[in-house]
Amino acid sequence: MSKSSTVGVIGLGYIGLPTAAILADHGVTTIGMDVSERNVTAVNNGEVPFVEPGLREVLERAVSSGALTASTQTPVADAYIVAVPTPFTDTHSADLSYIEAAADGIAAKLSGGELIILESTSPPGATEHMAARILAARPDLGPADIMVAHCPERVLPGKIMEEMISNDRIIGGLTPAAAEAAKDLYSAFCKGEFLLTDARTAEMAKLTENSFRDVNIAFANELSVISHKLGIDVWELIELANHHPRVNILQPGPGVGGHCIAVDPWFIVDAAPEQANLIRTARETNDAKPEWVLGRIEQALEASGEAPTVALLGLAFKANIDDLRESPSLHIAEKLAQRAPDAKILAVEPHIQKLPAPLEQFGNVALTELDEALERADVLVLLVDHDVFKSLPKSRLGSAAVIDTRGIWR
């Protein structure tokens, strides 16, 4: 893919926008497309609509140079990167409607010879489904007229701008030619190794990576529940066990969130329900952890007397970001607001400016600064290990009952 080519990035969210900005910053004419006029306006103004270290500087350069523009309409381009959401349904099967909408928009713009890459994390067969939908909408084109590949994103929120360039890249083509074309496109900025395979294997590789982590987190979360029952400090336990040269247990928490680990394993379960027993059990274990934390909070509130005040420290799904997707902390806050209407709930999330929509409906929840929460709380619940919380000395916690789900004040 030459720098004179135009790349259309469909979806300007947590993955699409950094991808578009980095491509444009490396000299590739890039047009971002998003259904949100707010996001499109922000991008065209060089503004970042979410927190990601290093993105603002790259975006500003890309926009000011003219290499990056954004639109609410699918552009005409030589290559397309589809980076749209792939949530799961109530039955934990993949919702491909966003991919299908992107495919419909792209199909109308094709003239033949284009490269179409699906970056969205998706179940095995989704790339083939996208290609089939595009060709069904364009009977004048045949399979040989387009190149289609799956190149899953493999970056960590908070380090996206670094890892998008340095991480190895899995590239799965529906044909070898498509894989090579995708490799050529990503070569514009990626310095990692390119690992070429077929599309289904590439799709499954991303799901496997996140399922591996989910299973290991589930082990840690189950250990935390067992340790609490037995009166054992789970963090000391894990620290001791990890001194074994072949043991590396992860850290427990209030659950698992985010757009990957909390979602992707279900795609494997849905694809092979009779075989994915361990993966399903891990998901169920991690999904049950917020309810266990809620039980501990409710016990502490009962011991605090009438009309207690509880401070929830952190709403994001992981430390030092503003991403609330599938956040167990947000789930805990919402359920607590429902089940403890007489309690005053102070939500402390330093990375957002207003109360998230799921909490706006409750009159007993307020977004609060940390100092005020520390001063007023009868019960203090640490849900996310943001740096600002980790730097707090235990002396600042006062006389509040403390529930530390991250082990930073033990």
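Ile134 counts as buried because its relative accessibility is 0%, where buried means under 20% relative accessible area, exposed over 50% and partly exposed in between (1.4 Å probe, protein chains only). The model described here is predicted, with local features requiring pLDDT of at least 70 and side-chain atom pairs counted only at pLDDT 80 or more, while totals for chains, interfaces and linings use all residues. Residues are numbered from 1 along each chain as its sequence is written, and side-chain values use heavy atoms, with hydrogens and water left out.

**Ile134 and its helix pair**

- Ile134 lies in helix α5; helices (H or I, at least four residues) and strands (E, at least two) are DSSP runs, numbered from the N terminus.
- Setting aside residues up to four places away in sequence, Ile134 touches Ala103, Ala107, Leu110, Ile116 and Ile146, contact being defined as heavy atoms within 4.5 Å.
- The C-alpha atoms of Ile134 and Glu306 are separated by 60 Å, and the two residues are 172 apart along the chain.
- Two packed helices are described by the angle between their axes and the distance between the axes.
- Helix α4 (residues 97-107) packs against helix α5 (residues 126-137) at an angle of about 40°, with the axes 9 Å apart; axes are lines fitted to C-alpha atoms, for helices over the stretch in contact, and angles run from 0 to 180 degrees between N-to-C directions.
- That makes α4 oblique to α5, since angles under 35 degrees count as roughly parallel, over 145 as roughly antiparallel, 65 to 115 as roughly perpendicular and the rest as oblique.
- The contact involves Ile99, Glu100, Ala103, Asp104 and Ala107 of α4, together with His129, Met130, Arg133, Ile134 and Ala137 of α5.

**The eight-stranded sheet**

- Eight strands form an open sheet with mixed pairing, in the order β3-β2-β1-β4-β5-β6-β7-β8; two strands pair if DSSP finds at least two bridges between them.
- The edges are β3 (68-71) and β8 (194-198), each with a single partner strand, so one side of each is left without a neighbour in the sheet.
- On average, neighbouring strands of this sheet are turned by 25° against each other, direction ignored.
- Strand β1 (residues 6-10) pairs with strand β2 (residues 29-33) in the parallel sense over five bridges, and Gly8 stands opposite Ile31 in β2.
- β1 also pairs with β4 in the parallel sense, over four bridges; here the bridge partner of Ile10 is Val82.
- β4 runs parallel to strand β5 (residues 115-118), joined by four bridges, and Ile81 stands opposite Ile117 in β5.
- In a regular strand the side chains alternate between the two faces of the sheet.
- Strand β4 (residues 79-82) is covered on both faces, with Ala79 and Ile81 buried on one side and Tyr80 and Val82 buried on the other.

**The nonpolar cores**

- The largest nonpolar core has 43 residues, and those with the most contacts inside it are Val7, Leu23, Leu68, Ile81, Ile117, Leu185 and Tyr186; such a core is a set of buried Ala, Val, Leu, Ile, Met, Phe, Trp, Tyr and Cys residues joined through side-chain atoms within 4.5 Å.
- Helix α1 (residues 16-25) supplies the largest share of this core, six residues.
- A second, separate core of 27 residues includes Leu301, Leu312, Ala340 and Ala347.
- Apart from neighbours within four places in sequence, Tyr186 is in contact with Ile81, Ile117, Glu119, Cys151, Arg169, Ile171 and Phe194.

**The five-stranded sheet**

- Five strands form an open sheet with parallel pairing, in the order β11-β10-β9-β12-β13.
- The edge strands, β11 (365-367) and β13 (401-404), each pair on one side only.
- Strand β9 (residues 309-313) and strand β12 (residues 379-382) pair in the parallel sense over four bridges, and Leu313 stands opposite Leu382 in β12.
- Helix α12 (residues 328-339) packs on the sheet and touches β9, β10 (344-348) and β11, with its direction making about 165° with that of β9.

**Helices α8 and α10**

- Six of the eight residues of helix α10 (residues 264-271) are buried, so α10 is largely enclosed by the rest of the structure.
- These buried residues are Asp264, Pro265, Trp266, Phe267, Ile268 and Val269, and their cover includes α8 (199-230) and α11 (277-303).
- Asn221 is found in helix α8 and counts as buried at 1% relative accessibility.
- Beyond residues up to four places away in sequence, Asn221 touches Pro252, Gly253, Gly255, Val256, Asn286 and Lys289.
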